[in-house]
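Please read it alongside the sequence and the coordinates.

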Number of protein chains: 2
Amino acid sequence: MTIAVNENNTIKTVERNDAGIKTAIDILKQQFGDNLQTSKSLREQHAHTTTYITPQLPDAVVFVTSTQEVQDIVKVCAEYKVPIIPFGTGTSLEGGVNAPLGGVSVDLSRMKEILAVNAEDLDVHVQAGVTRSELNSYLRDTGLFFPIDPGADASLGGMAATRASGTNAVRYGTMRENVINVTVVMADGDIVKTAHRAKKTSAGYDLTRLMVGSEGTLGIITELTLKLHGQPEAVIAAVCSFPTIEAACEATIMATQCAIPMARIELVDEENIKAINIYSKLNYPETPLLMLEFHGSESGVAEQVEMFKDIAMECGGQDFNAVSSLEDRNKLWQARHDSYWAMRSYTAGKDALTTDVCVPISRLAECVVETQKDISDNGLYGPIIGHVGDGNFHTLICFDGKNPEEFKKMEEVVDRMAKRALAMDGTCTGEHGIGQGKRKFMLAEHGTGVKVMSAIKLALDPDNIMNPGKVIDFSV
Amino acid sequence: MTIAVNENNTIKTVERNDAGIKTAIDILKQQFGDNLQTSKSLREQHAHTTTYITPQLPDAVVFVTSTQEVQDIVKVCAEYKVPIIPFGTGTSLEGGVNAPLGGVSVDLSRMKEILAVNAEDLDVHVQAGVTRSELNSYLRDTGLFFPIDPGADASLGGMAATRASGTNAVRYGTMRENVINVTVVMADGDIVKTAHRAKKTSAGYDLTRLMVGSEGTLGIITELTLKLHGQPEAVIAAVCSFPTIEAACEATIMATQCAIPMARIELVDEENIKAINIYSKLNYPETPLLMLEFHGSESGVAEQVEMFKDIAMECGGQDFNAVSSLEDRNKLWQARHDSYWAMRSYTAGKDALTTDVCVPISRLAECVVETQKDISDNGLYGPIIGHVGDGNFHTLICFDGKNPEEFKKMEEVVDRMAKRALAMDGTCTGEHGIGQGKRKFMLAEHGTGVKVMSAIKLALDPDNIMNPGKVIDFSV
């Protein structure tokens, strides 16, 4: 593999290293035996993408159980300049596990140990392969929980690597705020623990935050310490219909300014409601809907609900309905979680692409409405669902993958959506990451910042073996 | 100036560049006229340290008013390889504004523009020289405020550069959590804006968090966008005495686990209370005291106070006293803010050094008690005050600077305090930064992480012109 730096100081990987890959796999096979596999089906599974991005298979998959084993792999791959692609649960949406230059997929899903729960410090130390559901099941009796919930039951290492987020982020933050430290195997095989367990520190560069969101391009996260939160004493969920997207966003803004500490504020647009009503046998008005959750003490959540209801009514909200029993709340959120399947069912036979952007909340309504119009003007079906407390929304654009014209229209809509968000001082991706799919927006979003990122990448991974072709490597 | 990398891959700056400094200052004088000064008194003021670290003067001070002017300076200094030391209000506690190799101090204190308040988005865009008090005065009528309050009325750029924190961090976070983006002039003169204004993003490496806490060693922060928060509807302050440090910490831990969203939890130890009682004419029991503040709705804060009081009583707390009027609250916090002067007055004639560490809260009582014992075993006076909700505490060690033996004892106590915190999985500095004073603990705290930090520094500032001798440059 040869590296060059182009005019933007970005990385250029120019060739696949067949001989190195073969040698490295032969050496690793000696150590890992049956935990190294090269069957096509397994390699295909490890290049699985949930988007239209073409799968690019690794040459081998190695199942690991420890940081030490990851270090062993990296040392061999570093010597022979072989790409290493970390793999958690494979739920990346932007081609994050693809292997454009082949190489070794390092599967961390067997790294399932929960190493320490420090209840007094509200933190937990886990191996990277533990999923968020597994962690919360383990914590159930402790009175603590881990709040970050991207749709998928992703691995915590993968969630850190992609700076994942989800419905609870409006209150509890994203992985950026909830990772205390990570243990990383760097491109030279060094094991780096990015911080101790103190809640804050001013000792040196924030390597934790540098690794969180680096998508495996700077190193492989093998262990991490995460913040935990006390399970709320009381939880109330609610829905409220609004005449327009603008009205729903206005209510969200007012609630935020009044410092109502809402745990979830999800916007479901009218197209989405139609699909949900059919799929989940509900009868919400076919207008924008907010789905809400309030966490706090018994009296605290009651007060929050009243405050929010007043704001919602002032903004034209209707059919406000709050529920507190676990069964009712689960029913409400099940409909939200099933919205993907509701939309797929509504457009049976179509292909679908999910994408997201995030903008300052003052621009959210405008961004959603313009995106809705663009989708419908192009004859596509693309309902919108959003974590509106953060200014973040997704669309699932349905299209006929065998129809090149429709495919092109879909791509253009996605392009304009990202550029629209950037023009509104937003980001081309709030929580899906860059991977391969959104590299084309990096220069528009970061300008000279891409030079800085590239310089860091080159400094820490001079041979570009760590998940090449992702984030800031525009060449393959 | 010549750079070498030693066995730990750390930076080694070996000589002062007299000729380059002279040339650069001559060129800059042409552009900046009277805004470039070389008087000794001004240069001394710009190398002022609040510690025992010897001042090291820059060769010139340039007052700037825009990012463009900073870029102009950096381009000249980059060409002639001249050190650049950013200066905000000069309140660094670890020698952050010292100029060990001379060079140009860039004074940003005239960059006072508040460029935009985005009330709906709860953010504000400011120039780096605005101080936190100036910002809050400006915001007073908007219903919003900026919560981070290090003791000093520091500049917001300096607070970002040093990852500042303070009494409100337990609820609102530190600069790490409250900076949305920074505009930075890099060592090559590039202007980089690290992010757009979206509340979250998963687009590429987190350059914002990399710059926050880098202490001017990677670039100069000239503008920043900060999160704002709604002014709480109701505020109650309170004090409660405890029989022991352990009891006070136990109450803090229980309150955190019960998710009481306290805005401030400050521990004042018995030595400190004695000084405060005299200085502020108060009569608190001479036992450890917690000073607290609760923010929320009227009924919310009342509930929080009751919950905390119950916990405090369970832990042996006594003399719990809550106050809600602005006057009473100001009186209570004034005593806290004056504690530095109370201690100085109590030990009139002595020199004093303030230092801080931060540990997981489960180890806090142990760390405080061992530190108290170490101080008194060495015949020193060093009261302790702490942001205990974060596990962070400070001591102000008083000593006779003319007595070499006492000075040495003081240094040894500070050393052991940092090492004790590290051994408890904490950090050698919670909020004071590394500067020059704590570089010696970097390897113990970060191990191989120092290699990563050094590689980043070398990649972004290959000539080591950005605030040399700080954070990871151990040589000067």
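Domain bounds, as used here, come from an automatic or database domain assignment. This is a predicted model, in which local features need pLDDT of at least 70 and side-chain atom pairs count only at pLDDT 80 or more, whereas totals for chains, interfaces and linings use all residues. Residues are numbered from 1 along each chain as its sequence is written, and chains are lettered from A and ligands numbered from 1 in the order in which they are written.

Chain A is divided into domain 1 (3-109 + 437-460), domain 2 (234-340) and domain 3 (347-423). The C-alpha centres of domain 1 and domain 3 of chain A lie 29 Å apart. Contact requires that the C-beta atoms of two residues, placed from the backbone, lie within 7 Å; by this criterion 7 residues of domain 1 of chain A are in contact with 7 residues of domain 3 of chain A.

Between the chains, 77 residues of chain B are in contact with 77 residues of chain A. Helices (H or I, at least four residues) and strands (E, at least two) are DSSP runs, numbered from the N terminus, and helix 17 of chain B gives the most to the side of chain B that touches chain A, with 9 residues.

In chain B, 4 strands form an open sheet of mixed pairing in the order 3-4-6-5, where two strands pair if DSSP finds at least two bridges between them. Strand 3 (36-37) and strand 5 (84-87) of chain B are the edge strands, each pairing on one side only. Strand 3 of chain B pairs with strand 4 (residues 60-63) of chain B in the antiparallel sense over 2 bridges, and B:Gln37 has B:Val61 in strand 4 of chain B as its bridge partner.

In chain A, A:Glu177 is found in helix 7 (residues 175-178). A residue is buried with 20 or more other C-beta atoms within 10 Å of its own, exposed with 12 or fewer, and partly exposed in between, C-beta atoms being placed from the backbone; A:Glu177 counts as partly exposed because it has 17 C-beta neighbours inside 10 Å.
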